[in-house]
Amino acid sequence: MAKNLVIVESPTKAKSITKMLGSNYKVKATYGHLRDLPKSKLGVDIEDDFEPKYIKVRGKAKTINELKKEADNAQNVYLATDPDREGEAISWHLQYLLGLDKNEKNRVEFHEITKNNVKNAIKNPRKIDQNLVDSQQARRVMDRIVGYEISPILWKRVKSGLSAGRVQSVALKLIVDRQREIDAFKPEEYWTISAKHKEEKIEFESEFYGTKSKKIKISNENGADKILNKIDKDKFEVVDISKTKKKRKAQKPYTTSTLQQDASNKLGFSTKYTMSLAQQLFEGIDLGDKGRVGLITYMRTDATRLSSEIIGESLSYIKEKYGSKYASNGRNYSKKSKQTQDAHEAIRPTSIYNDPISVKDYLTDQQYKLYKLIWTRVVQSQMTDYEYLSTSISLDSNGIVFKASGKITLFDGFMKVSSSKENENFLPDLEKGDVIKATSITKNQHFTKPPANYTEASLVKVLEEYGIGRPSTYSSTIASIISRNYVEFEDRKILPTKLGIRVNDFLQENFNDVINVEFTAKMENELDRIAQDEVYWKDVLKGFYEGFEKDLNAVSKDTNDYKVKDKILDEKCPKCGSPLAIKHGRNGKFIGCTNFPDCNFTKSIIKTTGVKCPKCNDGELIEKVSKKGKRFYGCSNFPSCDYATWDTPTGDRCPECGDLLVHKKNRSTDEIKCNSCDYVKEKIR
């Protein structure tokens, strides 16, 4: 029988740690929460000072009994759940279930799953931090009250089966408000004029600026023509040249939210998928002869700081790999913020010498892409600045001023390790007083664009800026409003559904005092203050409930109609003959019988593209929705044919490989290209 019992949350983590600690330790997993509020009722005694009524999680009796048995037979029990507030609360529940002494030092934190870190953590246990536990309890109770008190009202006033969440409702409001801003937007016309030049075999462009005294905006074609009539195509005089040496520092190491943003923008990963991959990298990857090792530190963190050890290791690696001139003097990025949880570091590799290439064969393609993103960010953070020469040239043609800008790399610095390169723009070596020609001058009409719909990345960014929720909750927040069919994805944009708009309108009309950006951010700050022992958790709940109860009592005064009515179709149910209607479910819209629940007939809404499948040449590509709410196009003959693409098929074929040409459009790309090879037919921007 092992002398020591270590309890973690994940069986994967348990497997990794077992090999690191040896035969005197047994490592067991809780497989998540073991004690929680009941699902069937509120579970919070509001009259008794908001006392939560915890119960054992259904289906966990066997796990609890096994852990009790192991704990009774062990000399030492170490509670090693995740190193954050939720993990602290799970350890607290474990302490209660196993009958452990609450004054005993039995809490350990594994910020990285490496042999040295795990052994050092075991040597330095501490007491459970009750302040962290109470902060998590306050969040859990607050969310439970909002969800269980508002959801039944939503059933009556909007649509049956709905539910509300404290943070999710704020995220929904942001999305709906943005859509209304877009809908109300009125585009304004404006024109630009550009000139093309060729000097010293260098082709470059200049853009209309205005006059010598001021910048001018061209609002219509008539204004553009007046300016064009004044320009002498053969006489552009250099009136000013400005050359400035500039530097750009590398970005800070990743926090949870910045990792989610970059993984979405650069890799196309959802926040949920990013966190799943990061969890795998943290819990341990089998590296062959090296054994099972956690490749990154804990991935739920607000911190940007790095340990002195990893800074030193990074600098050594940089000097060996790229040379001393690429190594900085060592940079730490401590983030002095009340929101920074505990003593966490940024998300970083556990060893810089586990570079992406050396571990690639042990990772899936997606794990490799995310790991490379994390590794590169940390290494770059310890490298010297990128240096470049910025040049601006002003050209005068009969009093009309054009400007050209150029950029030349002087020293690549941290960009040395990046797979992407800076866009350089070369200008000829001109001097003040030189006169050059324009090979062509063009005018172009434009219209101002509305603000963009939120993507997962931009929504995460704004949630963090407002101080709403925690980075660890962003992926579940977005997943929640998707699963409730309050929002949907279209070309990576998050759009509110009709149902989501109605729910938002009801909540903002009746619960705006407690479900809005300012109040939610304030509550987040209060939760931080609980963790720092600045305020008692039940006092925070009292303050929250005072305003919430007033809204509950006043909701009956709202007589507006928020009901979402199903759209009746001119089609009869094949089972009972009743009319069919377009309904809203967990996975989006579908067609169902209006005689439900007496008749349960349903069928999917199929959106066809008219494009023949290039793989089986029999089926047709139809629009589908993935389990994560993302739109894609797949063969109608699935599962016999598994052809699929995320990008919109055009119907044309690639002249090089024969696969479909697709319209690939995201924040950085808008082009018609091959779905398989590198062929690009047209770059739209």
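How many bridges join β24 to β25, and in which sense do the two strands run? Five bridges join β24 to β25, and the strands are antiparallel.

## Basis of the model

The structure is a predicted model, in which local features need pLDDT of at least 70 and side-chain atom pairs count only at pLDDT 80 or more, whereas totals for chains, interfaces and linings use all residues. Residues are numbered from 1 along each chain as its sequence is written, and side-chain values use heavy atoms, with hydrogens and water left out.

Helices (H or I, at least four residues) and strands (E, at least two) are DSSP runs, numbered from the N terminus. Two strands are said to pair if DSSP finds at least two bridges between them. Within the antiparallel pairing of β24 and β25, Lys-624 stands opposite Phe-632 in β25. Strand β25 also pairs with β26, again in the antiparallel sense, over two bridges. There, Gly-634 has Ala-644 of β26 as its bridge partner.

Burial is expressed by relative accessible area: buried means under 20%, exposed over 50%, and partly exposed in between (1.4 Å probe, protein chains only). Five of the five residues of β25 are buried, so this strand is largely enclosed by the rest of the structure.

Asp-647 lies in the loop between β26 and β27 and is buried, at 17% relative accessibility. Contact means heavy atoms within 4.5 Å. Not counting residues up to four places away in sequence, Asp-647 touches Tyr-633, Val-662, His-663 and Lys-664.

A salt bridge is a side-chain nitrogen of Lys or Arg within 4 Å of a carboxyl oxygen of Asp or Glu. Asp-647 forms one with Lys-664, at 3.8 Å from N to O. This pair links distant parts of the chain, 17 residues apart, with Lys-664 in strand β28 (residues 660–665). Lys-664 is partly exposed, with a relative accessibility of 28%. Asp-642 and Lys-615 meet in another salt bridge, at 2.4 Å from N to O. That pair also links distant parts of the chain: Asp-642 is in the loop between β25 (631–635) and β26 (644–645), and Lys-615, 27 residues apart from it, is in the loop between β23 (607–612) and β24 (620–625). Lys-615 counts as exposed, at 51% relative accessibility.

## Salt bridges elsewhere

The structure holds 37 salt bridges. Side chains of opposite charge can pair when their charged atoms come close. Because Lys-173 and Asp-177 are four residues apart in helix α6 (residues 166–184), about one helical turn separates them. Lys-173 is buried, with a relative accessible area of 19%, whereas Asp-177 is partly exposed, at 32%.

A network of salt bridges links Arg-85, Asp-302, Arg-470 and Asp-528.

Strand β8 (residues 189–199) and strand β9 (residues 202–210) pair in the antiparallel sense over six bridges. The two strands form a hairpin with two residues between them, and Glu-200 in the turn has a positive phi of about 55°. Glu-199 stands opposite Ile-202 in β9. In β14, Val-401 is the bridge partner of Gly-210.

Ile-241 belongs to strand β10 (residues 236–248) and is partly exposed, with a relative accessible area of 27%. Leaving aside neighbours within four places in sequence, Ile-241 is in contact with Ser-392, Ile-393, Leu-430, Glu-431 and Lys-432. The C-alpha atoms of Ile-241 and Arg-180 are separated by 45 Å, the two residues being 61 residues apart along the chain.

On a 1 Å grid over the protein atoms alone, a cavity is a set of points where a 1.4 Å probe fits but cannot get out, and lining residues have an atom within 4 Å of a point. Grid points are joined across faces, edges and corners, and a volume is the space filled by probe spheres set on the points. A search of the whole structure finds two cavities of 30 Å³ or more.

The largest cavity holds about 50 Å³ of space. Its lining consists of Ser-264, Gly-268, Phe-269, Thr-455, Glu-456, Phe-489, Arg-492 and Lys-630. These lining residues divide into two nonpolar, three polar and three charged, where Ala, Val, Leu, Ile, Met, Phe, Trp, Tyr, Cys and Pro count as nonpolar, Asp, Glu, Lys and Arg as charged, and the others, Gly among them, as polar.

Note on methods
1 Å grid on protein atoms, 1.4 Å probe; cavity = no way out; pocket = protein on both sides within 12 Å on 5 of 7 lines; lining within 4 Å.
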